Protein chains: 2
Amino acid sequence: MRHRRSDVVDTAIRVLDTYGLADLSMRRLAAELAVQPSALYHHFRSKQVLLAAVADEVLARGSRPHPTGAWDERVRAVCTTLRDAMLTYRDGAELVATVHAFRLGGMAPHRELVAALEDGGLDAGLAGTATRTLLHFVFGHVSDEQTQLQAASAGAIEAEPRAESDFAVGLDIVLDGIRLRRPVDRPAG
Amino acid sequence: MRHRRSDVVDTAIRVLDTYGLADLSMRRLAAELAVQPSALYHHFRSKQVLLAAVADEVLARGSRPHPTGAWDERVRAVCTTLRDAMLTYRDGAELVATVHAFRLGGMAPHRELVAALEDGGLDAGLAGTATRTLLHFVFGHVSDEQTQLQAASAGAIEAEPRAESDFAVGLDIVLDGIRLRRPVDRPAG
DNA sequence: ACCTGAACACCGTTCAAGT
DNA sequence: ACCTGAACACCGTTCAAGT
């Protein structure tokens, strides 16, 4: 049977959510689509590029309308939306973080954070640094969180579950550090 | 020829630094040691456990005497030492971050940060949250940094190199956020 | 204690050829 | 435009057997 690019991505998300990122192989995905592995290379030039498309679709499905409030509320909204989107599918955080690290996809949150921080009064350089600091926190935290959640639900572990507020506290720590660097908050002269 | 556990780790570090983490396979490592792949399973029960030992050795080689100053200088020292240790070997950041995520090794910096933050006056819960926030930043930032450095030195890219101060600024952002949460800085009642 | 030899069940990718 | 069939060069891990 014949498939379109979007069919491949949809099936990849189903395989991801059912079997995990480690089992999302080109061969497994091809089998699920009832085609030869080589057929996938008609749609994507490599597995990396396929995974980038999958990550973008995960984020697109989790997207929400931008709030139009204060810069810090917008930052919080972007980070929370990103977290929720990644937690929606098994290994979603690891997938999006990996794709983002290679700059192949998942860059929408990055752009939104830079915009919010510049609207908040940060110059371009500091907005970039602050955005990367925020994203390193979010990707690291949520990957960690998801690993623990999945280990617990697999019964592999019953270690202390991370406090529910841990994400909010970590995010607030970074946000406070950013606030102190807004020129508008540090009176000139 | 017969090998000890430490011979395997030493050779693994050499393979890592020469060919990168993706090419550090059990088969490649075995060939380098002139043994069969199955021989490695006499020393390590899985590749994951071997990589944990390699990560611990990378950190041990980069370790420095702890400074005995203010809590925030100690935090800065632990983070900087960790960064330098990971940057010493090709793909060192990705290796240590991965092993740490699975809690199989590389936990020494984690313990040192918790200790420094508790000495700084944070309660155990907040010290844990702050430590995870710091480590997510350090692992994320240095992995990123090393990927860009390695891509540049491979001539693959000549993208804007990250500003040299980027690590220091990001670290200061997180540190400032932590400072605001020290009970001693927020006068009770 | 440390290693061999052989096997099992997989990978990503390429490429000429088919419809 | 989308796919097949076959091949290339690999993986991690297990296990009985050897010294």
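The questions below concern the symmetry and the DNA surfaces.

Guide: This is a predicted model, in which local features need pLDDT of at least 70, side-chain atom pairs count only at pLDDT 80 or more, and totals for chains, interfaces and linings use all residues. Residues are numbered from 1 along each chain as its sequence is written, while chains are lettered from A and ligands numbered from 1 in the order in which they are written.

Visitor: What makes the relation of chain A to chain B that of a two-fold axis?

Guide: Chain A can be laid on chain B by a turn of 180° and a shift of 0.0 Å along the axis, with an RMSD of 0.0 Å (least squares on the C-alpha atoms of residues with pLDDT of at least 70 in both). That is therefore the relation of a two-fold axis. In chain A, the C-alpha of A:Gly177 is nearest the axis, 2.3 Å from it.

Visitor: How do you know which residues surround DNA strand C?

Guide: A residue is near a strand if its C-beta atom, placed from the backbone, lies within 6 Å of it. By that rule 18 residues surround DNA strand C, and A:Ser25, A:Arg27, A:Ser38, B:Gln36 and B:Ser38 are the closest. Helix α2 (residues 26-33) of chain A gives the largest share of this surface, 3 residues (a helix is a DSSP run of H or I, at least four residues, numbered from the N terminus).

Visitor: Which residues come nearest to DNA strand D?

Guide: Among the 18 residues around DNA strand D, these are A:Gln36, A:Ser38, B:Ser25, B:Ser38 and B:Lys47.

Conventions: Helix = DSSP H or I, 4+ residues; strand = E, 2+ residues; numbered from the N terminus.
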